[in-house]
Amino acid sequence: MPAPNPTIEKLRRFGQSAIDTLAPDRSPATCIEDLRVMARRRVPRMFYDYADTGSWTESTYRANEADFAKILFRQRVAVDLSDRSTRSTMIGEDVAMPVALAPTGLTGMQHADGEILAARAAEAFGVPFTLSTMSICSIEDVAEHTTRPFWFQLYVMRDRDFAGRLIDRAKAAGCSALVLTLDLQILGQRHKDIKNGLATPPKPTLANLVDIAFRPRWALAMLGTQRRQFGNIFGHVTGVDDMASLGAWTANQFDPALSWADVDWIRERWGGKLILKGILDVEDARLAVRTGADAIVVSNHGGRQLDGAPSSIAALPPIVEAVGGDIEVHMDGGIRGGQDVARALALGARGTYIGRPFLYGLGARGERGVTECLRIIRNELDLTLAFCGLTHVDQVGPHILWQGK
């Protein structure tokens, strides 16, 4: 990757120094909402909306969060809480808490080099980071800037040779798990992305230029990197040599013909731990078990695909009941803090994923913001379990939930 222009780098450093002097970023975030509000101020509208939006009427997107709030805890007292731990495992890997950073596209447009920063924060904290196929920083970029294996998420493209090479690149980078997303054979319609003219890098329209001008921290950070395109695709696909050809290729690559037979092919090519993401139906969960995968993720893609589908937390219990004894069940969608993690674990999840919360932290404060997000979630998880009379996260079960009796 070419080094930044020295003149531009001097201007960027001067501008960043001026911002840090005039508007120091010191106030602590006490909850995920604090990070969300800060990110909304600092990230250009099209990229903030990309992260914080759902499809069509956004009813499923809203239900993901709202349905968590309906689940109440059973408070206990007079329990020795002096020795507590949130440590656990996900697919056999030790984790500081049963939370992984979910694969999120365009993470590197929430903050410059966003995937690298998020991966470093996750590594230091002790939780898995999952790199998206549609990332700005490439597999190789993230591997170069981290010291422990991360997970890689795969979208199956029409170009099966390219998909195979992605798998091989993930293996070469030492990724310890492949997360195969099954619920994006076709793209859900997200009204805000269409209205905003979502593109990376942003098109130089007057509206975009004005928007970016009011977000100097973001703009200055972007001046310091050359990573502004889809790093896993650009330079790896024949005939894609500029943004126009990349956009046309990407728009036609999600494969509506994806089937369970393709899962078998991917499992054999990968040869390592496999997680199937996007399961929302009991019958699909049973089919997933037959593939020999190591885990499934109960997920509706953050409410970004089928609007009107159930929330992930509502879909979780029947899937756990059907296949929880046969495969490790994880979930994502709607988690906004440690209490939601506790609720998901109580309903049978062995692990959880956060997408928007860590993106808020990243957009708000870069790597430090992702670390803040993880600390907030772990603190909330620890305190919630303590109030429920537990000392270890592996003790969580349905008994910590209030049944209204």
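Good morning. I begin with helix α2 (residues 32-42), whose buried residues are Ile-32, Leu-35, Arg-36, Met-38, Ala-39 and Arg-42. Buried here means under 20% relative accessible area, exposed means over 50%, and partly exposed lies in between, with a 1.4 Å probe and protein chains only. Helices (H or I, at least four residues) and strands (E, at least two) are DSSP runs, numbered from the N terminus. The buried residues of α2 pack against α3 (45-51), α10 and α16, where contact means heavy atoms within 4.5 Å.

A word on the source. This is a predicted model, in which local features need pLDDT of at least 70 and side-chain atom pairs count only at pLDDT 80 or more, while totals for chains, interfaces and linings use all residues. Residues are numbered from 1 along each chain as its sequence is written, and side-chain values use heavy atoms, with hydrogens and water left out.

I turn to the interior. A nonpolar core is a set of buried Ala, Val, Leu, Ile, Met, Phe, Trp, Tyr and Cys residues joined through side-chain atoms within 4.5 Å. The largest one has 108 residues, and Leu-101 and Ile-296 have the most contacts inside it. Helix α16 (residues 356-387) gives the most to this core, namely twelve residues. Another core, of twelve residues, lies apart from it and includes Ala-100 and Val-297.

Next, the sheet. Eight strands form an open, parallel sheet in the order β3-β10-β9-β8-β7-β6-β5-β4; two strands pair if DSSP finds at least two bridges between them. At the edges are β3 (99-101) and β4 (130-131), each pairing on one side only. Three bridges join β3 to β10 (residues 351-354) in the parallel sense, and Ala-100 has Tyr-353 of β10 as its bridge partner.

Finally, the charged pairs. A salt bridge is a side-chain nitrogen of Lys or Arg within 4 Å of a carboxyl oxygen of Asp or Glu, and the count by this rule is 21. Which residue forms a salt bridge with Arg-227? The partner is Asp-141, with the closest N and O atoms 3.2 Å apart. Arg-227 lies in the loop between α10 and α11 (243-251) and Asp-141 in helix α6 (residues 139-144), so the pair ties together parts 86 residues apart in sequence. Both Arg-227 and Asp-141 are buried. Salt bridges that share partners join Asp-113, Asp-141 and Arg-227 into one network. Glu-65 and Arg-336 also form a salt bridge, at 3.6 Å between the closest N and O atoms; Glu-65 is partly exposed, at 40% relative accessible area, whereas Arg-336 counts as buried at 16%.

Thank you.
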